[in-house]
Amino acid sequence: MDYAVRQGRSAIRPPLMKRLADASAPYLYSAPALILIVTVMLVPLVLGVSYAFRDVQLLNPFSGGFIGLDHFRALARDEAFFRSLRNTLWWTGASVFLQFTFGLILALLLDKPFRGRALAQALVFLPWAVPSFLAGLNWAWLFNPVVGPLPHWLHALGLMSQPANILSDPGLAMWGPIVANIWWGIPFFAITLLAALQAIPRDLYEAASIDGAGAFQRFLSITLPFLAPTIAITILLRTVWISNFADLIIVMTGGGPADRTQIVASYIFTQAFKRLDFGYASAIALVLLALLLAYSLLIVILRQWLLSKD
Amino acid sequence: MRTRPALLNVAHRLAILAYIAFALFPLFWLLKVAVTPNDLLYTEGVRLWPSRASLEHFDFVLRHSAFPVFFRNSLIVSGSTAVVVTILSSLSGYALSRFRFRGKYWLVTLMLLTQMFPLVMLVAPIFKILSPLGLTNSLTGLVIVYTAFNVPFATFLMQSFFDGIPKDLEEAAMIDGATQFVAFRQIILPLTLPGIAATLGFVFTAAWSELLFSLMLISGNEQATFPVGLLSFVSKFSVDFGQMMAAGVLALIPACLFFLLIQRYLVQGLTAGAVKG
Amino acid sequence: MASIDIANIQKSYGIHPVLHDVDLKIRDGEFVVLVGPSGCGKSTLLRMIAGLESVTAGEIRIAGKRVNELAPKDRDIAMVFQSYALYPHMSVARNMSYSLRLRKTAKDRITTIVAGAAAKLGLEPLMERRPRALSGGQRQRVAMGRAIVRQPKAFLFDEPLSNLDARLREQMRAEIKKLHRDLRATSIYVTHDQIEAMTLADRIVAMNGGVVQQVGSPLDLYDRPANLFVAGFIGSPGMNFFEGTCRAGERPMFHIAGDIAIPLDASPPLANDAKATLGIRPEHIVLAGHGPETLLATVDLVEPTGFGIILHLSLGRSGFKAFTNDRSFLTASGTIPVHFPAHSLHFFDSEGSRV
């Protein structure tokens, strides 16, 4: 206590101008980025929230009035919306699970040194660099029996009675974008997991072998525990990202046939882009935001709970 | 005793080959259809390579279609976005890496949040805001929007590059007689050049791929970027597969070039973005 | 060249104090070493003099001028970093000339000064190389060169030899000493290595826990350590300590654990029966004798160092070390006679201060 008092008395403050210049430097460095983020992302976000309670239609000059919860009442009766919610779960779950599984296997394969590893790595990671719209088109063409080989091969294997386009089959259509998404997303998981794998100290493996652990035991007792945090964080974050990722669906099916591939994100885009009903689109967006917030909160709580257990 | 490891090795190489085949097959098919002349496309069925290859589709796309314009527009948008984002994010990344200041926590939180929430939410309001400003159907409008979307991720990426440069160097420069800004310009920036190149590459690739906002904000052919042009071409002339795929191959070229540029930094880029594709 | 005055300097991060009231006057041309264990605040003090850390309270004067508010670049000091902090994208020559270029010194003058410094440090053949292509010792030299081209008011060294191996460290230590003899520049040198402190310093400032423990010449600190901390920190192997009580009487004795009494020549200025610590350096223990002053110590371990022998001994439950050059002790075992000469004994009171 004595110390603090003395310090306050004897402190001689530097001149105002210098203190001001020193204190403002970090703000000056980050101001341009911050201003841009606020004006182009935060302001529209707030505006978008307000649209949810207003009647905003681009083609109707008389729209714009406050209509309270009307959009949400309409939403509660909207079959297509509930279907898109279920589709989002299916789309996200299947994509994340398969991307992760194949990504992990690829990362384990690439962790082992072999000749030509650098080249193999570049080739298998290439799909990551393919623009998403092109990935979507590319797979749509592969599924198209006119130019694509896949229907013919599936037919030859006896999995299909005739070479047809699965993208126009309401029961199978969702598999199209999911397959494209897996192809496009494996590199993300493989790259992240490979980095984590290579960060595991090699002498741990050597110590375990000397202690008599076989390859599988080494995987269970060293590799998995070390990877676990990376796995958890990438899966959690990737889940959010993929549930919002509508590019492939919009390009490949446009949500069809009969809304069978419509996810919430693509439904929002369709409402805004095709129907130009900005109010309704924003109302759905608000619900999506609430769901994602709930999901994030769940993760935070889960993390707290796991931490408190230790 | 040596057969088991040998067998395992063979299985390992085969698995790698399977992955390579899966990764490259769609791109190979794109190229294959692009070089297949129209008369062979339907008659030869599922063949891995046409009996006669030609560049006629590329020739048509380059000389008689609007694709060169789309390509140019996309180059302008992606290039400008990459440059502007890199400048802004090297400033803000430097602030995050080197200063302790009040509000830093909030800045980081804000930037992380922008990476989490669905950007599709902003499609309608951004259209409404940009429209009266004359920034819809304009490349400038797209550059502004893309810049804002990419700045947070690029800031974290640049921060990680700055964090890799010892603070001692700046302090040595300041004792040698430099102000903090001179030290930033003469010592830190030159050392961050590889990081700057990587950031340029990441942002260019992201802007080159963006679909939803370009669809929403651009309507005419004049200002169309590649995805907009390609999709409208697909919906109008959905039978000219050769030409579409030739155009697709063109869209792939810059993406592949930048992929080579940023290959070494993939890990840093993906972890900086954490959620960025 | 200049004097440096440090008056009542305090530093705290938030409410967490790291330096308490440091007062120090460094004369023009003096070589002062700040020594202490890591976290004692020595580096913070140095960085405050350099202007890299702000001053919470107190005043720093260089050549009589208050510098608290001056930016590092305006203080006219040079610093050698532990990591050397060479600019990786500049050649050795450009590294050394950077400060002169920032000050817009004339080109031909820069060339002369840099060439002079390079000659002094034997760097001529390396001038066009990048730091990456240099060995640790060469980098260290370039860092020194970068400092001396400035002809600054003072040199600051922040553990400059810590990243070198033992042999190079010895060599560079001698070079720094020679350089200081030639330039007579005011220098402040931070280290945790007491040998560096002893060999280099005109004066040593021993620090612990953000508080200056003792300021004095190296031999002062060795011969008359002001407190237990300094006594234990300076010297290797370190000073032996025995806790116990002093009893006056016909023959004053120092009683330590296990009912063992060390006979003293005269009573130290300690109250009878007060708790105290007796210290003696290993090299001052005499391993021979007979008579009432002699004790019998058990040999626990013999460590030959080549130069001499370190004996781990014990008196009752108290272990201690003795150092000798006599090789006959290589085979010592069982018990041997030891004698603590009265003039080599140090006494510290229960607060740890020398009495």
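# Strands, bridges and a first pairing

Two strands count as paired if DSSP finds at least two bridges between them.

The structure shown here is a predicted model. It scores ipTM 0.87 and pTM 0.82. For chain C the mean pLDDT is 90, and 100% of the residues reach 70 or more.

# The five-stranded sheet of chain C

S12 and S13 belong to an open sheet of five strands in chain C. The order is S13-S12-S11-S14-S19, and the pairing is antiparallel. Which strands stand at the edges? They are S13 (260-263) and S19 of chain C. Each has a single partner strand, so one side of each lacks a neighbour in the sheet. From one strand to the next, the twist averages 40 degrees.

Strands of a sheet pair through backbone hydrogen bonds, in a parallel or an antiparallel manner. Walk through this sheet from S13. S13(C) and S12(C) make a hairpin with three residues between them. Gly258(C) sits in that turn and has a positive phi of about 85 degrees. Next comes the pairing of S12 (residues 253-256) with S11(C), antiparallel over four bridges. Here Thr245(C) stands opposite His255(C), and Cys246(C) stands opposite Phe254(C). S11(C) and S12(C) also form a hairpin, with five residues between the strands. In that hairpin Gly249(C) takes a positive phi near 155 degrees.

S11 (residues 240-247) is joined to S14 (residues 275-280) of chain C by six bridges, and the two run antiparallel. Glu243(C) faces Thr277(C) of S14(C) across this pairing. The walk ends at S19 (residues 346-348) of chain C, which pairs with S14(C) in the antiparallel sense over three bridges. Gly279(C) has His346(C) as its bridge partner in S19(C).

# The four-stranded sheet of chain C

Another open sheet in chain C has four strands. Their order is S17-S16-S15-S18, and they pair in the antiparallel sense. The edges are held by S17 (318-324) and S18 (335-338) of chain C, each of which pairs on one side only. Here the twist averages 45 degrees from one strand to the next.

How many bridges link S15 and S16 of chain C? Six bridges do, in an antiparallel pairing of residues 295-304 with residues 309-315. Leu301(C) stands opposite His312(C) in S16(C).

# The annotated domain of chain C

UniProt, in an unreviewed entry, places "domain: ABC transporter" at residues 4-234 of chain C. That span is 37% helix and 26% strand. Its end C-alpha atoms lie 25 Å apart.

# Annotated spans in chains A and B

The label "transmembrane region" comes from an unreviewed UniProt entry for chain A. Residues 220-242 of chain A are 100% helix and 0% strand, with end C-alpha atoms 29 Å apart. Residues 278-302 of chain A are also 100% helix and 0% strand, and there the end C-alpha atoms lie 36 Å apart.

For chain B, an unreviewed UniProt entry gives the annotation to residues 12-31, 75-96, 105-127, 139-158, 187-208 and 241-262. Residues 75-96 of chain B are 100% helix and 0% strand, and the end C-alpha atoms are 30 Å apart. Residues 105-127 of chain B are 74% helix and 0% strand, with 31 Å between the end C-alpha atoms.

# Where chains A and B meet

Chain B brings 72 residues to its contact with chain A, and chain A brings 65 residues. Helix H1 (residues 3-35) of chain B gives the largest share of chain B's side, with 12 residues. By class, the side of chain B that touches chain A has 58 nonpolar, 13 polar and one charged residues.

# The two domains of chain B

Where do the assigned domains of chain B lie? Domain 1 takes residues 1-54, and domain 2 takes 65-239 + 246-273. Their C-alpha centres are 34 Å apart. Four residues of domain 1 of chain B are in contact with four residues of domain 2 of chain B. On the domain 1 side, the class count is four nonpolar, no polar and no charged residues.

Note on methods. Residues are numbered from 1 along each chain as its sequence is written. Chains are lettered from A and ligands numbered from 1 in the order in which they are written. This is a predicted model: local features need pLDDT of at least 70, side-chain atom pairs count only at pLDDT 80 or more; totals for chains, interfaces and linings use all residues. UniProt positions are given in the numbering used here, feature names are shortened, and annotations may be inferred rather than shown by experiment. Two residues are in contact if their C-beta atoms, placed from the backbone, lie within 7 Å. Ala, Val, Leu, Ile, Met, Phe, Trp, Tyr, Cys and Pro count as nonpolar, Asp, Glu, Lys and Arg as charged, and the others, Gly among them, as polar. Axes are lines fitted to C-alpha atoms, for helices over the stretch in contact, and angles run from 0 to 180 degrees between N-to-C directions. pLDDT is the predictor's confidence in each residue, from 0 to 100. Domain bounds come from an automatic or database domain assignment.
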